[in-house]
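Subject: Structure handover

Hello,

Here is the structure you are taking over. My notes on what was found in it follow below.

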Amino acid sequence: MVVASHAPTQQPSSEVLFQPIRIGGLDVPHRIVMAPLTRSRARTPGNVPTELMAAYYAQRASAALIISEATQVSMQGQGYAWTPGIHSREQVEGWRRVTDEVHKAGGRMFMQLWHVGRISHPALQPDHMLPVAPSPITPAGKAFIENEHGEGELVPFVRPRALDLDEMPYLVRQYARGARNAQIANADGIEVHGANGYLLEQFLATGTNHRVDAYGGPVEQRARLLLEVVEACIAIWGPERVGVRISPLSTFNDIQDDNPEATFSYVAEQLAEYKLAYLHVINPAATELQTGQPIPQRVEKLLALIRSKFRGVLMMAGGFTRDTAAQWIEAGRADLIAFGRAFLANPDLPERFRRKAGFNQPDPKTFYGGGEHGYTDYPSLEQELGTKPRPTVDTSWR
Ligand SMILES: Cc1cc2nc3c(=O)[nH]c(=O)nc-3n(C[C@H](O)[C@H](O)[C@H](O)COP(=O)(O)O)c2cc1C
């Protein structure tokens with residue numbers, strides 16, 4: 001299977017996946033990370049993490065690092081029904097129960113800090129106000145809200161309100177409070193969500209940022225908010241406990257940039273200065289990787305550019321299998337690989353890789369919302385083999 005023009009031709013040994021590495025201040029035993037996965041199971045009202053969420057994350061504690069589902073830093077930062085926050089006391093207490101369970105099970109967890117910007121709806125905003133964005137440009141697509149019957153519903157996005165210049169320090173403070181709360185909740189670090197078309201990427205990308213002030217125009221100004229947020233988080237955690245996620249060339253959430261090479265080259269170069277725990281890059285060629293097609297030249301070049309600019313720990317995510325993960329690490333293209341859907345459906349993913357065992361298949365119908373089913377009832381190998389009881393399914397829980 002051709003993965004990349006310079007990938008090794010024979011099947012790599014997956015041993016490279018099981019080499020220890022230091023991620024910022026943490027020594028981890030292998031290279032297999034749990035990617036951030038929104039599961040929309042927080043308790044309402046209040047968007048509070050639950051005991052069930054603690055059980056779900058603890059089941060996955062054998063990851064080198066768990067990155068939490070995206071977690072809004074404020075009510076304004078929420079974009080979907082039932083996603084957890086990290087801005088109220090109850091939420092912090094809920095997250096503390098989650099991290100306690102993860103730590104008891106021997107794991108480590110960074111919290112992904114999130115502000116969705118325009119990918120929201122008045123139904124999710126404080127006092128039903130308009131969502132905010134760099135510029136008043138309506139995204140294509142639909143928002144996922146809770147309707148009056150308590151059910152999830154898709155409704156068209158609205159035209160967001162452009163942020164005033166004097167609101168920018170307030171945005172940075174939202175992230176700083178989230179970072180501080182993650183510390184109180186006993187997380188091991190934080191990941192700044194700079195990817196997937198949410199607020200920070202809306203500022204980065206030329207298609208969503210038409211500002212003419214200090215936060216718009218040339219890339220140095222479009223990247224200003226991201227870098228200010230990163231600096232505010234570093235002031236709380238120190239650089240070795242802060243990671244950043246980016247998604248170059250992605251069009252998810254109606255994002256578009258005139259010159260991604262220039263944008264992400266600048267971002268990688270600037271982020272390298274901070275000596276972060278890691279840079280987390282979503283692979284723009286996840287589909288090609290998954291289907292065994294060659295990686296497009298443009299992607300190859302951009303990933304090589306990012307690698308050359310950012311000399312710290314590089315995490316890649318998107319479309320990886322055990323073998324392609326090993327190939328990319330072997331080839332020096334990444335230091336860590338984050339797995340999303342595979343970890344969602346296989347709580348003991350590292351053990352399955354180690355034993356070259358089979359996998360549970362993820363069920364997209366249960367990705368967002370619901371209870372234990374499709375969440376904590378995916379069996380581990382031990383449970384499949386009958387040496388441990390299978391997880392129970394409580395269908396009464398929502
Ligand atoms: C159900 C689901 C929820 C996701 N939620 C998030 C999220 O909260 N934050 C984020 O940065 N990416 C999120 N992603 C993207 C994943 O982190 C990952 O990049 C993607 O699944 C590709 O990796 P995979 O091919 O290993 O699944 C989500 C993906 C899925 C399938």
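This is a predicted model: local features need pLDDT of at least 70, side-chain atom pairs count only at pLDDT 80 or more; totals for chains, interfaces and linings use all residues.

Helix pairs

Two packed helices are described by the angle between their axes and the distance between the axes. Helix α7 (residues 260-272) packs with helix α9 (residues 297-309) at an angle of about 20 degrees, and their axes are 8 Å apart. Angles under 35 degrees count as roughly parallel, and α7 and α9 are therefore roughly parallel to each other. The crossing in which α7 passes α9 is right-handed. On the α7 side, the contact is made by Pro260, Glu261, Phe264, Ser265, Ala268, Glu269 and Ala272, and α9 contributes Leu302, Leu305, Ile306 and Lys309. By class, the residues of this contact of α7 with α9 are seven nonpolar, one polar and three charged.

Next are α1 (51-59) and helix α2 (residues 89-104), whose axes come within 8 Å and cross at roughly 30 degrees. That angle makes α1 roughly parallel to α2. Here too there is a right-handed crossing, with α1 passing α2. From α1, the residues Glu51, Met53, Ala54, Ala55, Tyr57 and Ala58 meet Arg97, Val98, Glu101, Val102 and Lys104 in α2. The contact of α1 with α2 has seven nonpolar and four charged residues, and no polar ones.

The remaining pair in these notes is helix α3 (residues 168-184) with helix α6 (residues 224-237): their axes cross at roughly 35 degrees and come within 9 Å. α3 passes α6 in a crossing that is right-handed. Helix α3 brings Met168, Leu171, Val172, Tyr175, Ala176, Ala179, Arg180 and Gln183 to the contact, while α6 brings Leu225, Glu228, Val229, Ala232, Cys233, Ile236 and Trp237. Twelve nonpolar, one polar and two charged residues make up the contact of α3 with α6.

Strands β7 and β8

Strand β7 (residues 142-146) pairs with strand β8 (residues 152-156) in the antiparallel sense, over five bridges. Opposite Pro156 in β8 stands Lys142. The hairpin of β7 and β8 has five residues between the strands, and in this hairpin Gly150 takes a positive phi near 80 degrees.

Backbone points to look at

Most residues other than glycine have a negative phi, and most peptide bonds are trans. Asp127 is not a glycine, yet has a positive phi of about 55 degrees. You will find Asp127 in the loop between β5 (109-114) and β6 (132-133). Thr44 and Pro45 are joined by a cis peptide bond, with omega about 0 degrees. Pro45 lies in the loop between β3 (32-34) and α1 (51-59).

Around the ligand

There are 22 residues around the ligand, and those that come nearest are Ala35, Pro36, Thr38, Ala70 and Gly340.

Regards

Key. Residues are numbered from 1 along each chain as its sequence is written. A residue is near a molecule or strand if its C-beta atom, placed from the backbone, lies within 6 Å of it. Two strands pair if DSSP finds at least two bridges between them. Helices (H or I, at least four residues) and strands (E, at least two) are DSSP runs, numbered from the N terminus. Axes are lines fitted to C-alpha atoms, for helices over the stretch in contact, and angles run from 0 to 180 degrees between N-to-C directions. Angles under 35 degrees count as roughly parallel, over 145 as roughly antiparallel, 65 to 115 as roughly perpendicular and the rest as oblique. A crossing is left-handed if the near helix is turned anticlockwise from the far one by less than a right angle, and right-handed if clockwise. Two residues are in contact if their C-beta atoms, placed from the backbone, lie within 7 Å. Ala, Val, Leu, Ile, Met, Phe, Trp, Tyr, Cys and Pro count as nonpolar, Asp, Glu, Lys and Arg as charged, and the others, Gly among them, as polar.
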